[in-house]
Amino acid sequence: MVWYPTVTLVNWAPYRYGHWEWIPPWGWTWIDDAPWGFAPFHYGRWAMIGQRWAWVPGRLPPRPVYAPALVVFLGGGGTFLIGSGPAVGWYPLAPDEAWWPWYHASARYVGNVNPAIRLGAWPRDATHHYWRQHPSAVTAVREDEFRRGRPVDRAWHAVAPAMIDRARLGDVPARPQDRLVRAAAGTSAPPLHGSLPKPVQPIFPPPQGAPGVPPLPPAVRDQLRARQEQDRLQRQAERDARHQMHEQDESGAQRQRNAGKVDPGEPQRDAGRVDYGRSQRDAGRVQIDQGGSFDSGQGHGPRDPDDGRQARPRSR
């Protein structure tokens, strides 16, 4: 199953029309501009079919696991540049390619976020991703614009193949040291030396109005609402699936109960009954006409008594 987004922009590509924001505990999270832009950018993969981009959900489990953005980052400081300044680039993952979180996560989480994907074929340092070989799928912005969360479509640059080859894969920008980020997370300042967040299972922000909980930034609220809607749709899909399975079970049980039963209707009562009508009574009777030919009565219908023919009297 695939889904084609309705876009009219010639240079549209996944993860190009929106912006990046640091949202604990996931870190850098993609927030798309499209009203349909939640599920296709946090679940599944992207493919090009003909000349159109297509979202491929893949073989999702009953309850899919959320990812902040299913991309591979490009960087490299002095080698990956836009103008004279450092840049940040990324490209989407193709079907069956593994995604590795840029935050600490358990092996179970990594397996659940990559359902039915062979992780051994796609280690964290893999370089043979499909869209890495296609510069039209690669998006890059200056690092300072990335950190400020500027709309990517207003600041992105095309990337030459040679620059992509020189870039370091998986080079994720460091977390911003920003008071607003710390306030949104409700935590103290992070340790020095650019350490990553502690291993945690992604959770939702605490409920608003609780003592000591600061207001959520708009982007976090939007992500929370979108995830809640996604969960509601998932629950509805599960209910529909259970209802369909119940109907199928009932239908199969009814067919088994009816197996071998004979319908006492009219067609069954008449089955095998011989009609002893005129044509059957005359079957096999031999009549001799005046011309001496034998007529078995088959194929000519009943004899008309007024057809001028007379049967020869039987000898005694």
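**Notebook: strands and one buried glutamate**

I began with Val71 and found that its bridge partner in β7 is Pro92. Before going on, I noted that this is a predicted model, where local features need pLDDT of at least 70, side-chain atom pairs count only at pLDDT 80 or more, and totals for chains, interfaces and linings use all residues. Residues are numbered from 1 along each chain as its sequence is written, and side-chain values use heavy atoms, with hydrogens and water left out.

**Entry 1: around β7**

I looked up the terms. Strands (E, at least two residues) and helices (H or I, at least four) are DSSP runs numbered from the N terminus, and two strands pair if DSSP finds at least two bridges between them.

Val71 belongs to the pairing of strand β5 (residues 71-75) with β7, which is antiparallel over four bridges. Next I checked β6 (residues 81-82), which pairs with β7 in the antiparallel sense over two bridges. Here Ile82 stands opposite Gly85 of β7. The hairpin of β6 and β7 has two residues between the strands, and Gly83 takes a positive phi near 70° there.

Which strand does β7 join through four bridges, running antiparallel, at residues 139-142? I found that this is β8, where Thr139 is the bridge partner of Trp90.

I also checked how covered β7 is: seven of its eight residues are buried (under 20% relative accessible area; exposed is over 50%, partly exposed in between, with a 1.4 Å probe and protein chains only).

**Entry 2: β1 and β2**

I moved on to strand β1 (residues 18-23), which pairs with β2 in the antiparallel sense over six bridges. The two form a hairpin with three residues between them, and Trp20 has Trp30 in β2 as its bridge partner.

Why is β2 (residues 27-32) largely enclosed by the rest of the structure? It is because six of its six residues are buried.

**Entry 3: Glu97**

I then found Glu97 in the loop between β7 (85-92) and α2 (107-113). Glu97 is buried yet has no salt bridge (a side-chain nitrogen of Lys or Arg within 4 Å of a carboxyl oxygen of Asp or Glu). Its nearest side chain of opposite charge is Arg45, 6.4 Å away; Lys and Arg count as positive, Asp and Glu as negative, while His and the chain ends are not counted.

What does the side chain of Glu97 reach at 3.0 Å? I found the backbone nitrogen of Ala94.

Lastly, I listed contacts (heavy atoms within 4.5 Å). Leaving aside neighbours within four places in sequence, the partners of Glu97 include Arg45, Trp122, His128 and Tyr130.

Conventions:
Polar contact = N/O pair within 3.5 Å; in protein donor to acceptor, adjacent residues only side chain to side chain.
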